[in-house]
Amino acid sequence: MNKFYILPSVIVVILLAAFIVSPKKEFSENENRNLEPFPEVSVESLLSGDLAENLGTYIEDHFPFRDSFMELNGVFSVYVLGQKEVNGIYIGKDGSFLEKYNKPETMDDTVDKLNNLAEKTNSKVYCALVPTAAEIYSEKLPNFAETPTQYEEMEEYYSRIKADNIDVYSPLYENKEENLYYNLDHHWTTKAAYIAYREIAAEMGFEPFDESYFDIEQVTDDFKGTIYSKVNMGADKADTIELYKTDTDYTVTYTDTEEVSDSFYNLDYLDMKDKYSLFLNNLHPLTEIKNNSKEARGSLAVIKDSFANCLAPFLAEHYKTIYVFDTRYYRGSVCDFINENNIENTLILYNLNTIDTDLGINAIY
């Protein structure tokens, strides 16, 4: 055999052997998703082509040293090929990572669904739409980036949604020197949620607490979230997560699992990659928060994406009961629930990247 083919052949054999003997994981913490299981073999799947397709995905998902190869590919794409966008993430002028924003395509349907709340309930409805890091720090975007202005899209939503609109855009922009978004995750930080909470409180008619009221605790400095999973770079830029804690007595009930806690935070997630899920214990169709103090006011429904998970603890300081809906998983009628429980206020809170793609909005009826 030609000596020039020996080394590649040896590498292929080693990788094949490693693939065969290596244990197969069911879940990728780095990508925060389930990996493809070994496909079911049948005549039908063979003839339809599903077997070949699923087998290809299985091999790709369980390829030896996959995470290392993905990281190497990200570094090569950016620093060798000079790419400024990787898997929907822009590489900013200062080396930061900014999630791409796409112009909404389903605004009409989204507006119709959200307006059901005002039309079918007696609750006073508020709406707060949150810009993403690509909007607040748009000056960092690469020159070629074609990103619509989120402010204009927000204004159009506000002009059509039948709710009292809450401008959290302005206070976030005015405080952009603060740490408002994680470097390696698409969410806003607890600091940003606090800034938004102050504006929400003013619009909803209660006095927000000063930042000094809270015991601010840094619980990790090693958070690498969704953006890290897409670019596979930036391990040296790990983020910190802060909690704004109080001594208020709470009862937090996750109705799907019937789990009851006295805390908003499941710190077990600090041992996992998906550390942001410590807020409100990750994903639940309906979470009920009871404020056991006598000073709290009435009831609030929060219809939201995951940005609201770190905002809810601030709002809970003021309401006797808060019902937090993740409509992607809630199977009942949100409108009926609000009416049956005489919920006085409802807050719609989504980030502008999610509101157009969250299929849970279709479940609001």
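This is a predicted model: local features need pLDDT of at least 70, side-chain atom pairs count only at pLDDT 80 or more; totals for chains, interfaces and linings use all residues.
Colleague: Why is A308 called buried?
Modeller: Buried means under 20% relative accessible area, and A308 comes out at 3% relative accessibility, so A308 counts as buried.

Colleague: Where does A308 lie?
Modeller: You'll find A308 in the loop between β13 and α11 (312-316).

Colleague: And what does A308 touch, not counting residues up to four places away in sequence?
Modeller: With those left out, A308 touches V302 and L349. A contact here needs heavy atoms within 4.5 Å. There's also a C-alpha separation for you: A308 and V324 sit 16 residues apart along the chain, with 8.9 Å between their C-alpha atoms.

Colleague: How many cavities of 30 Å³ or more does the structure hold?
Modeller: There are 2 at that cut-off. The largest has about 50 Å³ of space, and its lining consists of F97, L98, E99, T132, A133, A134, Y182, D185, H186 and I227. Two elements give two or more residues to that lining, β5 (97-99) and α6 (133-136).

Colleague: Which element gives the largest share of the lining of the largest cavity?
Modeller: That's β5, with 3 residues. By class, the lining of the largest cavity splits into 6 nonpolar, 2 polar and 2 charged.

Colleague: On to α5. How do you know what span is expected for this helix?
Modeller: The expected span is 1.5 Å times one less than the number of residues. Helix α5 (residues 107-120) has 14 residues, and the expected value is 20 Å. From first C-alpha to last, α5 reaches 20 Å, close to that expectation.

Colleague: Which residues of α5 are buried, and what do they pack against?
Modeller: The buried ones are M107, T110, V111, L114, N115, N116 and L117; each therefore falls under the 20% cut-off. Their packing partners are β6 (124-130), α7 (150-160), β13 (297-304), α12 (334-340) and β15 (345-351).

Notes:
Residues are numbered from 1 along each chain as its sequence is written. Side-chain values use heavy atoms; hydrogens and water are left out. On a 1 Å grid over the protein atoms alone, a cavity is a set of points where a 1.4 Å probe fits but cannot get out, and a pocket is an open set with protein on both sides within 12 Å along at least five of seven lines; lining residues have an atom within 4 Å of a point. Grid points are joined across faces, edges and corners, and a volume is the space filled by probe spheres set on the points. Helices (H or I, at least four residues) and strands (E, at least two) are DSSP runs, numbered from the N terminus. Ala, Val, Leu, Ile, Met, Phe, Trp, Tyr, Cys and Pro count as nonpolar, Asp, Glu, Lys and Arg as charged, and the others, Gly among them, as polar. Buried means under 20% relative accessible area, exposed over 50%, partly exposed in between (1.4 Å probe, protein chains only).
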